[in-house]
Amino acid sequence: QVQLVESGGGLVQAGGSLSLSCAASGSIFSINVMDWYRQDPGKQRELVARITSGGITNYADSVKGRFTISRDNAKNTMHLLMNSLRPEDTAVYYCHAEVRTTGRTYLAVWGQGTLVTVSS
């Protein structure tokens, strides 16, 4: 089994910053892609940022230049630094990872989500 645990959500004023973290644990052999998704109630879950094991990153157009994704492969952790936050960034943020387990199976794993609220 593999678990992802997010932390760092909360309430912040528009223009402020927050940092989210995701820690993976369990029967992990390696982690390929790690992502941050977000979902506002009544809307589809959308990809915010993605980082490969080699450090290649991709961002949604709406967060480019404001958010920075990073990871520590040795610690199986991922972070999302969010600057210049806007009310429209308000959502539940989910960590997602494509994991190769020690049993050599492949899993797509989701965290439980952490709420980010940006007040205007």
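User: Which residues form one aromatic cluster?

Analyst: This is a predicted model, in which local features need pLDDT of at least 70, side-chain atom pairs count only at pLDDT 80 or more, and totals for chains, interfaces and linings use all residues. Residues are numbered from 1 along each chain as its sequence is written, and side-chain values use heavy atoms, with hydrogens and water left out. Rings of Phe, Tyr and Trp (its six-membered ring) pair if their centres lie within 6.5 Å. A search of the whole structure finds two aromatic pairs, and one aromatic cluster is formed by Tyr 37, Tyr 94 and Trp 110.

User: Are the rings of Tyr 94 and Trp 110 stacked or edge-to-face?

Analyst: Planes under 30 degrees apart count as stacked, over 60 as edge-to-face and the rest as tilted. The centres of Tyr 94 and Trp 110 are 6.4 Å apart and the planes stand at 85 degrees, so the pair is edge-to-face.

User: Is Tyr 94 buried or exposed?

Analyst: Buried means under 20% relative accessible area, exposed over 50%, and partly exposed in between (1.4 Å probe, protein chains only). Trp 110, at 36%, is partly exposed. Tyr 94 has 14% relative accessibility, so Tyr 94 counts as buried.

User: Which residue lies over the face of Tyr 94?

Analyst: A charge sits over a ring if NZ of Lys or CZ of Arg is within 6 Å of the ring centre and within 35 degrees of the ring normal. At 3.7 Å from the ring centre of Tyr 94, the residue over the face is Arg 45.
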